[in-house]
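Trainee: I would like to learn how to read salt bridges. Can you take me through them?

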Amino acid sequence: MKLSFLLPRECVVPGIRGGERSKRDLLNELTDVLFRETSLKDEGFSREEIVETLLARENELSTGVGDGFAFPHARLKDLKGAYLLFATCPSGVSYASPDNNPVHFFFLTVVSEDHANLLLQSRAALMRCLLPLAARQQALACSTRDELWKMIDRSGSMISRDIVARDIMCPQIGVLREDMTIAEAATAMHK
């Protein structure tokens with residue numbers, strides 16, 4: 001199925017405010033859109049529960065993956081639907097990414113624990129759409145929701161069961177050194 005089928009036009013948000021802001025502030029803003037524009041509000045979870053679950057995941061390890069991307073997500077028991085939101089930030093937001101660069105693309109996903117594979121499948125579809133530098137530049141230049149959603153729709157990017165490594169890989173952003181402790185090396189490899 002096409003990525004644009006699971007990503008409602010109302011959940012495409014171009015040009016969010018950048019700069020120095022807390023993850024809580026950013027995740028509140030994005031979650032507000034999900035609650036306003038989808039049936040997530042009818043699922044029996046409060047907006048605050050969703051934000052706290054997103055923040056708990058961020059506290060484990062930042063979902064900023066480098067190269068301008070972050071994939072905040074929550075897996076909730078007994079959730080019926082799958083909720084996706086894509087936001088761009090031309091000026092970038094500091095988000096504790098391993099490459100220490102600002103994040104320009106946020107792909108927020110809230111899914112059931114039973115459908116956790118949808119996290120990687122939708123992420124892979126978005127990365128296929130935005131992997132070319134020209135596509136990222138075009139996405140950042142979009143000023144309206146319709147313009148950005150149509151770009152994603154025209155890409156034809158599909159959510160499929162088969163994910164290959166290149167779909168979720170990021171460029172090399174770190175190295176291991178001989179003088180690192182095992183804990184430091186493990187942390188670096190995890191990132």
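Mentor: Start with the rule. A salt bridge is a side-chain nitrogen of Lys or Arg within 4 Å of a carboxyl oxygen of Asp or Glu. Side chains of opposite charge can pair when their charged atoms come close. Keep in mind that this model is predicted.

Trainee: Which residues are linked in a network of salt bridges?

Mentor: The network joins R17, R21, D25 and E29.

Trainee: How many salt bridges does the rule give?

Mentor: The count is 11.

Trainee: Which residue does K2 meet in a salt bridge?

Mentor: K2 meets D153, at 2.9 Å from N to O. K2 sits in the segment before helix 1 (3-6), and D153 sits in helix 6 (residues 145-155), so the pair ties together parts 151 residues apart in sequence. K2 is partly exposed, at 31% relative accessibility. D153 is partly exposed too, at 23%.

Trainee: Which residue forms a salt bridge with D67?

Mentor: That is R136, with the closest N and O atoms 3.2 Å apart. This pair also links distant parts of the chain. D67 is in the loop between strand 2 (64-66) and strand 3 (69-70), while R136 is in helix 5 (residues 133-141), 69 residues apart.

Trainee: Is R136 buried or exposed?

Mentor: R136 is buried, because its relative accessible area is 13% and buried means under 20%. D67 has 33%, so D67 is partly exposed.

Trainee: What about R36 and E37?

Mentor: Their side chains meet in a salt bridge of 3.4 Å, N to O. R36 is exposed at 52% relative accessibility, whereas E37 is partly exposed at 29%.

Technical notes:
Residues are numbered from 1 along each chain as its sequence is written. This is a predicted model: local features need pLDDT of at least 70, side-chain atom pairs count only at pLDDT 80 or more; totals for chains, interfaces and linings use all residues. Side-chain values use heavy atoms; hydrogens and water are left out. Helices (H or I, at least four residues) and strands (E, at least two) are DSSP runs, numbered from the N terminus. Buried means under 20% relative accessible area, exposed over 50%, partly exposed in between (1.4 Å probe, protein chains only).
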